[in-house]
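I open these notebook entries to record what I looked up in one structure.

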Amino acid sequence: NYSWIHLEENDEESIKYLEKEYDFHELDIEDVASGPQQPKVDFYKDYLFGIFHFPDFQSDTEGKIHVIELDVFLSKNYLITITKGNNKRINDIFENINNSEEYKKEMMDEGSSFLMYEIIDKLTDGCWPVVRKISTQISDVEEWVYSEESHKGVVWQIALIRRNLIRLKRIINPQITVIEELVKTDKPYLKKELNNYFDDIR
């Protein structure tokens, strides 16, 4: 048996809870308490600490990509997730597990490391709407460029797409390195049998 504890913010209350209830390395706690950190995974004897990034759009960002950070502590006895930024997708997963015994069984019956895989996999799948959004932006620009009517926003839109593509690359590339580390790992809390699952995310 194990527990999934999800903290929606890295606020003072969450940090105090982690410090009081667990014996995590102080540098891990510092990473959680700080602003956005680079994706990484650190392996310890009894747990791992991972930082994962996922791209997202928000309605108030004028079509700009921003990053959602997910911090993870994993052991055989628990999975702790902490979000930096509004992550509706993981909140929905947590809510569905609490509301549906069938969904809970599907997600949690194979252990904490499999649950971590499922969460990362579903959040990675959630990147596709971001890619489709960029494709739509490109199609819009192509229509404006080849239309007879000039559009004052074309230059701005091209610059936005360029920024988004660069941003997407900067989010995804370091993440690939982190996933590769998970693929190669064989720990008591992260069994080798899951290597193929994480490799599929890559």
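At what angle do the axes of helix α1 and helix α2 cross? I noted first that this is a predicted model, in which local features need pLDDT of at least 70, side-chain atom pairs count only at pLDDT 80 or more, and totals for chains, interfaces and linings use all residues. Residues are numbered from 1 along each chain as its sequence is written, and side-chain values use heavy atoms, with hydrogens and water left out.

Entry 1, the helix pair. I found that the axes of α1 (residues 12-21) and α2 (residues 26-33) cross at roughly 165° and come within 10 Å. Axes are lines fitted to C-alpha atoms, for helices over the stretch in contact, and angles run from 0 to 180 degrees between N-to-C directions. Helices are DSSP runs (H or I, at least four residues), as are strands (E, at least two), numbered from the N terminus. α1 and α2 are therefore roughly antiparallel, a term for angles over 145 degrees.

A nonpolar core is a set of buried Ala, Val, Leu, Ile, Met, Phe, Trp, Tyr and Cys residues joined through side-chain atoms within 4.5 Å; buried means under 20% relative accessible area (1.4 Å probe, protein chains only). I recorded 32 residues in the largest core, with Trp4, Leu115, Met116, Leu182, Leu190 and Phe198 having the most contacts inside it. Helix α5 (112-125) is among the elements that each supply at least two residues of this core, and its share, 7 residues, is the largest. I also noted a second, separate core of 15 residues, including Ile29 and Tyr47.

Conventions:
Angles under 35 degrees count as roughly parallel, over 145 as roughly antiparallel, 65 to 115 as roughly perpendicular and the rest as oblique. Buried means under 20% relative accessible area, exposed over 50%, partly exposed in between (1.4 Å probe, protein chains only).
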